[in-house]
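Dear colleague,

I am passing on the structure we talked about, and you will find the sequence and the coordinates directly below. My notes on what turned up in it follow after that.

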Amino acid sequence: MLREETMTSHLSTRQGGRFPNLNTPVVLTRRCAPIAPHALLHVGKGHARFFWQTPQGQTVAAFGVMHRLQTRGADRFVHMAAAAQNVLANLRTTGAPDAPAPLLVGGFAFDNRQAYGWEGFAPADFILPRVVLRTDERGTWLSVCAEDETKAEKLWQAVVEAVHRAPAVGATTLPRIQHETRAPDEHTWREMVQQAIESIRADVVQKVVLARTCRVQTNAPVDPLAALARLQARYQGCFIFLVEPTPGHAFFGATPEILADVQGTTLRTMALAGSIGRGATPEEDAARAAELLNSAKDRREHAFVVQAILRHLRHLAHDITSAPAPSLLRLPNIQHLHTPITATLNADVRIWDVVAHLHPTPAVGGVPRERALALIHELEPFARGWYAAPVGWVDAEGDGTFVVAIRSALAVARTLTLYAGAGIVADSDPQREWHETGLKFRPLLEAIGIHS
Ligand SMILES: C=C(O[C@@H]1C=C(C(=O)O)C=C[C@H]1O)C(=O)O
């Protein structure tokens, strides 16, 4: 039943292209008794899937494809905005009158490069899901999307029955690790950082964020749901996400970094840059926090991000406010400098415009942006795929949230690739940056049962 209902229709856009006429699908949304998001994702195994959990505990779990929207190229944000608008404006909603609006879920690649291992992901890839489960302070909502009312009604009932038959998330046996490789290795990393520092001294760039990967081979496929459960247990302060646009190609993580959160005309974003480990005792932890807050190097690294965000927002928004000095954002593995920023969007500015302008901030790219990106391409021995890129959702009212997909991993079959980066400025130390990126791998290593 579910399998038949979840047929895929493709909607690709090309520059200057026209969108095909769509039939008008029906989105049926009703309140329901609590359903565990994991049960829904379990039912959705074998389909495209999406999961989202905010630090406040709201969740979105979705599966199946009513429409898949894919765009590529430097203008992928603009083209996706048009395609999304076209799909969301062509829905008939039914069910509870106070139901949350229909949404699209997905994200973007970091840049325009072909990325090895990311074949299951288009450079901009969103779906209008067949089934969406949302929990928030108002309760639990189940939405289904189908060709007509009768089909929607049948699908709604079928999903409710299926989730009640789904097994509870219990202890899962984790796959055994057979092989682990760090790319680049430590020696090459030091050379990369050294070259970045030389580019900074030569005034080519002022800051650049370099990343490295950890590739793990396991004896059995990694179950992203088991990894998500572990991230949920330990990293509730983060946004926990899973994007699986093609079944079996899963990108997931626990990120603290919001790129754009829009409700009505209110925008929330943040600068997050400058990092140090946690202490083993409260005294040591406080000493490290003080060291970070007083570090001229970290404050400079951070200021680049604040300035870039404020500069972009000036064209998009008014009433922009940012904290005068960074505060601490503390996670179990690491602590960061953090500046919350809010603004009111100008008329006609949508979340897509904000994402298109802000990404990549110097928290994951560098300053100046284009030169830093060129240096990243030159120095990093891999393409980033969706790592450090915008991932999130947008609804039919124009609200939405995109996070920066760091502290993340790609799982395809028995290969898991973890990514972590660090901002390099003139006085960075390659050894310390190796250690810092090591700390940033930790949540995802733990999520698959490796304690480093
Ligand atoms: C690039 C990453 O993290 C970013 C870089 C940081 C830094 O250089 O201090 C801190 C937070 C993030 O904005 C990552 O986790 O991979």
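Predicted model: local features only at pLDDT ≥ 70, side-chain atom pairs only at ≥ 80, totals over all residues.

Since the notes place residues by helix and strand, please read those elements as DSSP runs, with helices of at least four residues (H or I) and strands of at least two (E), numbered from the N terminus.

The ligand site

What surrounds the ligand? The shell consists of 17 residues, and the closest of them are Leu-272, Ser-275, Tyr-387, Arg-407 and Gly-421. Sorted by class, this shell around the ligand holds seven nonpolar, five polar and five charged residues. In terms of secondary structure, at least two residues of the shell come from each of strand S16 (266-277), strand S24 (415-424) and helix H11 (430-447).

Three polar pairs involving oxygen atoms of the ligand may be of use to you when you set up the site. A backbone N or O atom of Leu-272 is found 2.7 Å from an oxygen atom of the ligand, while Glu-301 has a polar side-chain atom 3.3 Å from an oxygen atom of the ligand. In the case of Glu-436, an N or O atom in the side chain lies 3.4 Å from an oxygen atom of the ligand. Taken alone, the ligand exposes 400 Å², and the protein buries 100% of that area.

The cavities

How many cavities of 30 Å³ or more does a search of the whole structure find? There are three. The largest cavity contains about 190 Å³ of space, and of the 21 residues that line this cavity, those closest to its centre are Ala-363, Ile-406, Arg-407, Gly-421 and Lys-440. The largest cavity is also the space taken by the ligand, and you will notice that Arg-407 and Gly-421 are named both among the residues closest to the ligand and among those closest to the centre of the cavity.

Strand S12 (207-218), S16, S24 and H11 each contribute at least two residues to the lining of the largest cavity, with S24 giving the most, namely five residues. By class, that lining is made up of ten nonpolar, five polar and six charged residues.

The second largest cavity holds about 60 Å³ of space, and its lining includes Val-27, Pro-102, Leu-103, Leu-128 and Pro-129, as well as Arg-130, Val-132, Arg-134, Ser-143, Val-144 and Cys-145. Of these lining residues, eight are nonpolar, one is polar and two are charged. Both S9 and strand S10 (139-146) supply at least two residues to this lining, and S10 gives the most, with three residues.

The largest pocket

Which residues are closest to the centre of the largest pocket? Among the 24 residues that line the largest pocket, which has a volume of about 600 Å³, they are Gln-58, Asp-136, Glu-137, Gln-263 and Trp-393. Four strands each supply at least two residues of the lining, namely strand S4 (59-63), strand S9 (131-136), strand S15 (258-263) and strand S21 (390-395), and the largest share, three residues, comes from S9. The lining of the largest pocket divides into eight nonpolar, seven polar and nine charged residues.

Backbone points to check

The bond from Ala-183 to Pro-184 is cis, with omega near 0°, and Pro-184 belongs to the loop between strand S11 (177-183) and helix H5 (186-201). The bond from His-359 to Pro-360 is likewise cis, with omega near -10°, and Pro-360 sits in the loop between helix H9 (351-358) and strand S20 (366-367).

With best wishes

Note on methods:
Residues numbered from 1 in each chain as written. Heavy atoms only, no water. Near = heavy atom within 4 Å. Polar contact = N/O pair within 3.5 Å; in protein donor to acceptor, adjacent residues only side chain to side chain. Areas by Shrake-Rupley, 256 points an atom, 1.4 Å probe, with all protein chains shown as cover. 1 Å grid on protein atoms, 1.4 Å probe; cavity = no way out; pocket = protein on both sides within 12 Å on 5 of 7 lines; lining within 4 Å. Sits in = over half its atoms within 2 Å of the grid points. Nonpolar A, V, L, I, M, F, W, Y, C, P; charged D, E, K, R; others polar. Points joined across faces, edges and corners; volume = space filled by probe spheres on them.
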